[in-house]
Amino acid sequence: MNTLSLAPLFRSSIGFDRFNDLFETALRAESTTYPPYNVEKHGADDYRIVVAAAGLQDGDLDIQVEREVLTITGGRREKTADSVQYLHQGIAQRAFKLSFRLADHIEVTGAKLQNGLLSVDLVRRIPDAAKPRRIAINGEVSAEASVQSRPNVVTLDKDAA
């Protein structure tokens, strides 16, 4: 039996626990093909997951976000009152569970079921505290200089010298 160890990668990383978990999950994940789904990008910070949910209604689906994992579960919960004899049943009615690990600052903004497609809308909202900021080297750099200068370039004021 072949095993793959990612321990050498983890030794040199600090604070990347979720990233490490992502690798481990990907290595042991079972690929699911049901139901088919798309992951779409609409603009810089807007995403959408579209799941084919043929024959399902709102009450047959459940969407949850827990610990940065989006889970979509579904399945036929109610049986029809009349007995139907299928000559061919090509529309799958089995239960399913899809899980998506969300990146930092990704929020679920809504979901809708229309024409047999479940659309889950996502948006990336980065708080100001998490946005990149420039760190001055050996002194303070003005806001104008920090925007115009290159990283690691220190500009000296003539009066200060």
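**Entry 1. Ile49**

I began with Ile49 and listed its contacts, setting aside residues up to four places away in sequence: Asn38, Val39, Leu70, Phe100, Leu118, Ser119, Val120 and Leu122. I note at the outset that this is a predicted model.

I then looked up the largest nonpolar core, which has 16 residues. Ile49 is among the members that touch the most other members, together with Leu70, Ile72, Val120 and Leu122. I recorded which elements give two or more residues to this core: β2 (46-52), β4, β5 (96-101) and β7 (117-124). As background, I recall that nonpolar side chains tend to be buried together in soluble globular proteins.

**Entry 2. The chain as a whole**

I next turned to the overall layout. The chain has 3 helices and 7 strands. Read along the sequence, I found the pattern α-α-β-β-β-β-β-β-β-α. Of the 161 residues, 18% are buried. The exposed surface comes to about 13,100 Å², and carbon and sulfur atoms supply 50% of it.

I also checked how far apart in sequence the contacting residues lie. Among contacts with a separation of 6 or more, 49% join residues 24 or more positions apart.

**Entry 3. Confidence**

I looked up the confidence of the prediction before going further. The average pLDDT of the chain is 76, and 62% of the residues score at least 70. Over residues 144-161 the pLDDT is below 50, and this stretch has 8 contacts in the model beyond near neighbours in sequence.

**Entry 4. The open sheet**

I traced an open sheet of 4 strands in the order β1-β2-β7-β6, with antiparallel pairing. Its edge strands are β1 (37-41) and β6 (106-114), each of which pairs on one side only. From one strand to the next, the twist averages 20°.

I followed the pairings within this sheet. Strands β1 and β2 are antiparallel and share 5 bridges. At this pairing, Lys41 stands opposite Tyr47 in β2. The hairpin of these two strands has 4 residues between them, and in it Gly43 takes a positive phi near 90°.

Strands β2 and β7 also run antiparallel, joined by 7 bridges. I noted two bridge partners here: Tyr47 has Leu122 in β7, and Val50 has Ser119 in β7.

**Entry 5. Ser119**

I examined Ser119, which lies in strand β7. Is Ser119 buried or exposed? Its relative accessibility is 12%, so Ser119 counts as buried. Beyond its neighbours within four places in sequence, I found Ser119 in contact with Arg48, Ile49, Val50, Gly110, Ala111 and Lys112.

**Entry 6**

I moved on to the pairing of β3 (residues 61-66) with β4, which is antiparallel over 6 bridges. Glu66 stands opposite Val69 in β4. The hairpin of β3 and β4 has 2 residues between the strands, and Arg67 takes a positive phi near 50° in it.

β4 also pairs with β5 in the antiparallel sense, over 6 bridges. Which residue in β5 is the bridge partner of Leu70? I found Phe100 in that place. Leu70 and Phe100 are both on the contact list of Ile49 as well.

**Entry 7. Thr71**

I located Thr71 in strand β4, which covers residues 69-74. Its relative accessible area is 18%; because the cut-off for a buried residue is under 20%, Thr71 is buried. Leaving out residues up to four places away in sequence, Thr71 touches Asp62, Ile63, Gln64, Lys97, Leu98 and Ser99.

**Entry 8. Ile63**

With a relative accessible area of 31%, Ile63 is partly exposed. Apart from neighbours within four places in sequence, Ile63 is in contact with Leu70, Thr71, Ile72, Ala111, Leu118 and Val120.

How many residues along the chain lie between the positions of Ile63 and Ala111 as a separation? They are 48 residues apart, and their C-alpha atoms are separated by 8.6 Å. I also noted that Ala111 is in contact with Ser119, and that Leu118 and Val120 are among the contacts of Ile49.

Technical notes. Residues are numbered from 1 along each chain as its sequence is written. This is a predicted model: local features need pLDDT of at least 70, side-chain atom pairs count only at pLDDT 80 or more; totals for chains, interfaces and linings use all residues. Side-chain values use heavy atoms; hydrogens and water are left out. Buried means under 20% relative accessible area, exposed over 50%, partly exposed in between (1.4 Å probe, protein chains only). Contact means heavy atoms within 4.5 Å. A nonpolar core is a set of buried Ala, Val, Leu, Ile, Met, Phe, Trp, Tyr and Cys residues joined through side-chain atoms within 4.5 Å. Two strands pair if DSSP finds at least two bridges between them. Axes are lines fitted to C-alpha atoms, for helices over the stretch in contact, and angles run from 0 to 180 degrees between N-to-C directions. pLDDT is the predictor's confidence in each residue, from 0 to 100. Accessible areas come from the Shrake-Rupley method with a 1.4 Å probe; for residues, only the protein chains shown count as cover.
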